Amino acid sequence: MNLQEMSTKDLLALHNQIADKAAGPKTFATRGKLLERIGSIVEAKNIDLASFGQRAEPEVTEPHAQPQADAAETTEAPTETEKKPSGKGIGRLARELLMDPAGYPHAVIAEMVNSQIEGAQASAKSVRWYAHDMRKKGAAVPERQRAERGEDEPC
């Protein structure tokens, strides 16, 4: 491996592979200082640069012997391409309730979600966010009823 023919970027990458502490592009003032540092590391660690950086042949994996049609019938768990359900379903339920033509207020929807899903902490603001997100994506979300104000609440 001829270090003189390598680009500074490649030299820096080589340095970071063999050195204990990685260096950035501005660590060395000149290319010569970078070459000197690589040389000192090679001597100190007794590294053979001729074989260093040679890429090993990638391992070839054997194809699965079981046909796909049979595999789909025998496995119950979702495959890598299928989406696994994540979360508790709070967003899904809130979106369903937002699409209800009754047009429940955001606070009421949040209470409904919290009562139906254990551990849910939906708020009127989070339900408002779901409605906004759905509208942004082009869904026709029905208008909400206005939450009634109590006598002690300011106008």
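Buried means under 20% relative accessible area, exposed means over 50%, and partly exposed is in between, with a 1.4 Å probe and protein chains only. By that rule K45 is partly exposed, because its relative accessible area is 37%.

The model is predicted, so local features need pLDDT of at least 70 and side-chain atom pairs count only at pLDDT 80 or more, while totals for chains, interfaces and linings use all residues. Residues are numbered from 1 along each chain as its sequence is written, and side-chain values use heavy atoms, with hydrogens and water left out.

A salt bridge here is a side-chain nitrogen of Lys or Arg within 4 Å of a carboxyl oxygen of Asp or Glu. In general, side chains of opposite charge can pair when their charged atoms come close. How many salt bridges does a search of the whole structure find? The search finds 4.

One of them joins D20 and K45, with the closest N and O atoms 2.8 Å apart. This pair links distant parts of the chain, 25 residues apart: D20 is in the loop between α1 (8-18) and α2 (31-45), and K45 is in helix α2. Helices are DSSP runs (H or I, at least four residues), as strands are (E, at least two), and they are numbered from the N terminus. D20 counts as exposed, because its relative accessibility is 75%.

N46 has a positive phi of about 55°, although it is not a glycine. Is N46 buried or exposed? It is exposed, with a relative accessible area of 72%.

Now to helix α4. The side chains of R92 and E96 meet in a salt bridge, 2.9 Å from N to O. R92 and E96 are 4 residues apart in helix α4, so about one helical turn separates them. R92 counts as exposed at 51% relative accessibility, and E96 counts as partly exposed at 45%.

R95 and D133 also meet through their side chains in a salt bridge, at 3.2 Å from N to O. This pair again links distant parts of the chain, with R95 in helix α4 and D133 in helix α6, 38 residues apart. R95 is partly exposed, with a relative accessible area of 27%, whereas D133 counts as buried at 8%. Salt bridges that share partners join R95, D133 and K137 into one network.

That brings us to how the helices pack. Axes are lines fitted to C-alpha atoms, for helices over the stretch in contact, and angles run from 0 to 180 degrees between N-to-C directions. The axes of α4 (residues 90-98) and α6 (residues 124-136) come within 10 Å and cross at roughly 70°. The two helices are therefore roughly perpendicular; angles under 35 degrees count as roughly parallel, over 145 as roughly antiparallel, 65 to 115 as roughly perpendicular and the rest as oblique.

Contact means heavy atoms within 4.5 Å. On the α4 side the contact is made by G91, A94, R95 and L98, and on the α6 side by V127, W129, Y130, A131, D133 and M134. By class, this contact has 7 nonpolar, 1 polar and 2 charged residues. Ala, Val, Leu, Ile, Met, Phe, Trp, Tyr, Cys and Pro count as nonpolar, Asp, Glu, Lys and Arg as charged, and the others, Gly among them, as polar.

Helix α5 (residues 106-116) also meets α6: their axes come within 8 Å and cross at roughly 105°. That makes α5 roughly perpendicular to α6. Here H106, A107, I109 and A110 of α5 meet A124, V127, R128 and A131 of α6. The residues of this contact divide into 6 nonpolar, 1 polar and 1 charged.

H106, in helix α5, counts as buried because its relative accessibility is 15%. Which residues does H106 touch, not counting those up to four places away in sequence? They are L98, A124, V127, R128, A131 and R144.

Last, the aromatic rings. The structure holds 1 aromatic pair. The rings of W129 and Y130 have centres 5.3 Å apart and planes at 70°, so the pair is edge-to-face. Rings of Phe, Tyr and Trp (its six-membered ring) pair if their centres lie within 6.5 Å, and planes under 30 degrees apart count as stacked, over 60 as edge-to-face and the rest as tilted. W129 is partly exposed at 47% relative accessible area, whereas Y130 is buried at 17%.
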